[in-house]
Amino acid sequence: MDLLALADFNLVARHGGFGRAARAAGRPKATLSRRVSELEAGLDVRLFERGARMLKLTEEGRALHERTGALLTELNETAAAIASGGHTPRGRLRISAPLLFSQIAMGKLAAGFAARFPEVRLEVTTEDRPVDMIEEGYDLVIRVNPEPDESLVGRAFLHDRLVVVASPSVARPTDGVAAPAVVRESLGQTAVWKVKTPNGASRIAVEPVLSVSSMIMNRDAVRAGAGAGRLPISLVSHDLATGTLVHWGDIDGPDIALWALYPSRRLLSARVSAFLEFLKSAFPTGDPGELAAFIGK
């Protein structure tokens, strides 16, 4: 495949037309049109639907643009870094991060990273859904306890654990009595939370009285005395230290691990390496206390 023709195709696709692409690159429109036509002929497939006033990617053209655009950008950045004799992170860095981590830490992290690496154009998207990094053009994703994926590699950079907490105004239940609870699932009948305490394993009966869709809302409702809640220790450490909330026990189950992941088949760019090192410097040991200290109150 002619890489120059492929680069011209991505230029036109990115700008949405031959005229706009020609003006942006300072290249003749006729040259771009010819190169794209040669690429279509070589692939024996139509990449654009050409109308009188519009230019639209075909399904094949969209797939080619999504799969090659980021790779060509990475090749150009690598060549530029080698030519300049250095490896200064530069270019666009797209990151997908989960909702809670974005709310409590990602803004501060992103600001610090942008200040340290001004030549990187950082874009952070908040979402909890699984994403296809290649198809959607992400350089790195942050996920909680991700499922194994042979196409991705990465590292766990933070650990947390769930605890049961409540306002001092909410009495811890005795045997046969259920305490009110704030939950993230649908309201239902009395449930039992298995916890670990200094005195051993225990079971806490709770009756869900309020359902919310985020951990921040859950914490705020628990603070207000609506009921007990299961929350990350990093999110309530300050409340426990000041007595705003009371610790009823640790949830009996696996810890929470936050992973930074990237495609295994892609060369690790300088900007991704820089962000991974930035995460490591922000959370050297990765324990919950570091995250609690980072987010403050």
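What follows is a conversation about a predicted model, in which each label is set against its cut-off.

Visitor: Why is Asn10 called buried?
Guide: Its relative accessibility is 2%. Buried means under 20%. The value falls under the cut-off, so Asn10 counts as buried.

Visitor: Where is Asn10 found, and which residues does it touch?
Guide: Asn10 is in helix α1, residues 3-15. Leaving out residues up to four places away in sequence, Asn10 touches His65, Thr68, Gly69 and Leu72.

Visitor: What makes the link between Asn10 and His65 a polar contact?
Guide: The side chains of Asn10 and His65 are joined at 2.7 Å. A polar contact needs N or O atoms within 3.5 Å, one able to donate a hydrogen and the other to accept it. The 2.7 Å contact is within that limit.

Visitor: Why is Asp44 called exposed?
Guide: Asp44 has a relative accessible area of 70%. Exposed means over 50%. The area of Asp44 is over that mark, so the label is exposed.

Visitor: Why is Asn145 called partly exposed?
Guide: Its relative accessible area is 40%. Buried is under 20% and exposed is over 50%. Asn145 falls in between, so it is partly exposed. Asn145 lies in the loop between β5 (140-144) and β6 (152-160). Its phi is positive too, near 40°, and Asn145 is not a glycine.

Visitor: How far apart are Pro284 and Phe157 in sequence and in space?
Guide: They are 127 residues apart in sequence. In space, their C-alpha atoms are 8.3 Å apart.

Visitor: How many aromatic pairs does the structure hold?
Guide: It holds eight aromatic pairs. One of them joins Phe113 and Phe275.

Visitor: What makes Phe113 and Phe275 an edge-to-face pair?
Guide: Take the distance, then the angle. The ring centres are 5.2 Å apart. Rings pair if their centres lie within 6.5 Å, so these two pair. The planes are 70° apart.

Visitor: Which parts of the chain does the pair link?
Guide: It links distant parts: Phe113 is in helix α5, Phe275 is in helix α9, and they are 162 residues apart. Both Phe113 and Phe275 are buried.

Visitor: Which residues do ring pairs link into a cluster?
Guide: Phe101, Phe157, Phe283 and Phe294.

Visitor: How do you know that the charged end of Lys108 sits over the ring of Phe294?
Guide: The charged end of Lys108 is 4.4 Å from the centre of the Phe294 ring. The distance must be within 6 Å, and the charge must lie within 35 degrees of the ring normal. The distance passes, and Lys108 is listed as sitting over the ring. Likewise, the charged end of Arg94 sits over the ring of Tyr138, 4.4 Å from its centre.

Visitor: Why is β7 called largely enclosed?
Guide: Four of its five residues are buried, so the rest of the structure largely encloses β7.

Visitor: What makes β7 and β11 a pair of strands?
Guide: Strands pair if there are at least two bridges between them. β7 and β11 have four, in the antiparallel sense, so they pair. Leu162 has Pro232 in β11 as its bridge partner. β7 is also joined to β12 (residues 246-251) by four bridges, again antiparallel. There, Val164 is partnered by Gly249.

Visitor: Which strands close into a barrel?
Guide: Six strands do, in the order β7-β11-β8-β10-β9-β12. From one strand to the next, the twist averages 50°.

How values were computed
Residues numbered from 1 in each chain as written. Predicted model: local features only at pLDDT ≥ 70, side-chain atom pairs only at ≥ 80, totals over all residues. Heavy atoms only, no water. Buried < 20%, exposed > 50% of the residue type's maximum accessible area, 1.4 Å probe, protein only. Helix = DSSP H or I, 4+ residues; strand = E, 2+ residues; numbered from the N terminus. Phe/Tyr/Trp six-rings, centres within 6.5 Å; stacked < 30°, edge-to-face > 60°. Contact = heavy atoms within 4.5 Å. Axes fitted to C-alpha atoms, helices over the stretch in contact; angles between N-to-C directions.
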